[in-house]
Amino acid sequence: MEPAKPEEPTTQAATEVKAEVEDEVTPFNIAAASDSGIDYDKLVDKFGCSRMTDELREKIERLTGRAPHRFIRRNIFFCHRDLDIILNRYEQNQLFYLYTGRGPSAEALHLGHTIPFIMTRYMQEAFDVPLVIQITDDEKFMYRPELSQEQVAKMAISNIKDIIAFGFDPEKTFIFLDTEYIKELYPNVTKVQKAVTLNQIKGVFGFNDSDPVGKYAYPPIQAVPSFCNSFPHIFGSRKNVPSLIPCAIDQDPYFRMTRDVAARLKYEKTGTFYSTFFPGLEGMKGKMSSSSLHNTILLTDSAADVKKKINKYAFSGGGATEQEQREKGANLDVDMPYQYLRFFLEDDAELAQIAEDYSTGKMLTGQIKQKLIEVLSTYLKEFQERRKAITDEDVKKFMEVRKINPVPKKFEEAR
Ligand code: ATP
């Protein structure tokens with residue numbers, strides 16, 4: 001049994017949601033106090049989430065009949081809200097769906113953006129459930145003063161092609177732009193807007209009186225795709241299908257608010273499944289972000305770009321000289337090549353061997369960097385081949401408001 005969860009702090013200021021060590025984790029900024037990164041253990045307690053457990057990992061394996069994804073095996077997806085409840089429901093052949101999203105703020109995604117999509121793709125395949133993907137063109141227009149609506153619209157289409165290239169099931173995936181699908185969302189948006197006060201939004205997100213009013217209006221729009229009646233073409237008249245949101249933990253303020261409102265509106269509370277951040281090349285202090293380009297690896301980068309960036313910028317926890325590395329070994333906690341391999345190298349035994357060899361000085365910094373260059377170049381090459389094949393027709397297909405069967409095949413067979 002896990003300990004009881006603390007009350008969900010719906011009015012806690014995002015700016016105040018700092019772990020005691022002064023880490024800052026908000027939807028708008030990530031800054032670790034220590035060079036070894038965010039103290040996620042403290043953050044779980046601060047936010048009032050539940051830790052991932054071996055019991056849940058085993059349950060996922062049992063329910064899906066396959067080994068959990070490496071992100072789950074390695075505790076990269078490290079905490080949740082009500083994942084246990086959703087898995088219990090699934091065990092009893094009760095539906096759930098996946099909800100994730102993307103704010104189109106740049107033409108190309110970076111490796112940090114891939115984390116929720118890789119996880120969501122795995123979960124869709126493993127559980128055979130529908131998925132809705134919100135493209136928050138309204139949000140990025142509102143939050144980025146330098147962007148025009150035309151620029152955001154162009155980036156949105158490019159991002160949607162990237163997203164499709166992750167391999168989502170076209171029969172079970174609905175991608176929508178907020179500005180296009182708003183008519184269907186609006187009844188729920190107004191319910192949420194009526195249930196949440198200005199003070200609450202200010203408290204949760206830290207906005208001030210000079211911020212555009214659209215910033216205050218936006219969080220309800222990110223909340224409502226978690227209510228199944230926002231998608232009648234998928235769920236028909238069903239009222240009780242909960243969603244599960246795989247994303248990084250910086251999105252928690254949105255979904256704390258969402259869960260609080262859901263209870264008041266008598267909707268199912270959304271579940272969430274949170275990852276740690278994929279760090280920037282320069283170290284564990286922040287997440288990889290579009291706002292710091294030399295610190296990122298883009299999905300459009302060539303093998304030569306990857307090689308150059310890793311050799312030049314990736315922070316090393318290895319010894320300063322070959323001799324020092326051989327004598328003392330590397331500090332894996334702050335070493336970017338090792339940390340990136342934790343995310344992208346599939347083979348657990350190989351990763352463990354690298355950890356052993358590199359931390360004891362048997363492996364050199366140049367060698368682990370070379371390994372990472374190979375792993376990422378292969379990943380990006382395969383991604384870019386899939387991306388090249390995505391057409392405007394594919395975009396239309398994924399975005400069409402069409403009937404989608406929400407029932408996993410194994411539930412239908414069990415009937
Ligand atoms: P950026 O500032 O780089 O554009 P963002 O957070 O604005 O990033 P969004 O498109 O709004 O990007 O976020 C989509 C999802 O990607 C969210 O769940 C967010 O937490 C996640 N995400 C973004 N960057 C990272 C990262 N470096 N590591 C893990 N998840 C990330």
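1. How many residues surround the ligand, and which are the closest? In this predicted model, the ligand is surrounded by 20 residues. The closest are Arg102, His110, Asp250, Lys287 and Ser290.

2. The composition of this shell deserves a remark. Its residues divide into 10 polar, six nonpolar and four charged. Helix H5 gives the most, with three residues.

3. An N or O atom in the side chain of Asp250 is 2.6 Å from an oxygen atom of the ligand. For Ser290, a backbone N or O atom lies 2.7 Å from a ligand oxygen. A nitrogen atom of the ligand is 3.0 Å from a polar backbone atom of Met288. Taken alone, the ligand exposes 590 Å², and the protein buries 93% of that area.

4. As to the site itself, the ligand takes up the space of the largest pocket.

5. The sheet is open and consists of seven strands in the order S3-S4-S9-S8-S5-S6-S7, with mixed pairing. Strand S3 (50-51) and strand S7 (173-177) stand at the edges; each has a single partner strand, so one side of each is left without a neighbour in the sheet.

6. Which strand does S8 join through five bridges? The partner is strand S9 (residues 271-275), and S8 and S9 run parallel. In this pairing, Ile245 stands opposite Thr272 in S9. As a general point for reading the two faces, side chains in a regular strand alternate between the two faces of the sheet.

7. A further pairing concerns strand S10 (residues 279-280) and strand S11 (residues 283-287), which run antiparallel and are joined by two bridges. Gly280 stands opposite Gly283 in S11. The two strands form a hairpin with two residues between them. Strand S11 spans residues 283-287, and Lys287 is among the residues closest to the ligand.

Key. Residues are numbered from 1 along each chain as its sequence is written. This is a predicted model: local features need pLDDT of at least 70, side-chain atom pairs count only at pLDDT 80 or more; totals for chains, interfaces and linings use all residues. Side-chain values use heavy atoms; hydrogens and water are left out. A residue is near a molecule or strand if one of its heavy atoms lies within 4 Å of it. A polar contact is a pair of N or O atoms within 3.5 Å; within protein, one must be able to donate a hydrogen and the other to accept it, and residues adjacent in sequence count only if both atoms are side-chain atoms. Accessible areas come from the Shrake-Rupley method with a 1.4 Å probe; for residues, only the protein chains shown count as cover. On a 1 Å grid over the protein atoms alone, a cavity is a set of points where a 1.4 Å probe fits but cannot get out, and a pocket is an open set with protein on both sides within 12 Å along at least five of seven lines; lining residues have an atom within 4 Å of a point. A molecule sits in a cavity or pocket if more than half of its atoms lie within 2 Å of its grid points. Helices (H or I, at least four residues) and strands (E, at least two) are DSSP runs, numbered from the N terminus. Ala, Val, Leu, Ile, Met, Phe, Trp, Tyr, Cys and Pro count as nonpolar, Asp, Glu, Lys and Arg as charged, and the others, Gly among them, as polar. Two strands pair if DSSP finds at least two bridges between them.
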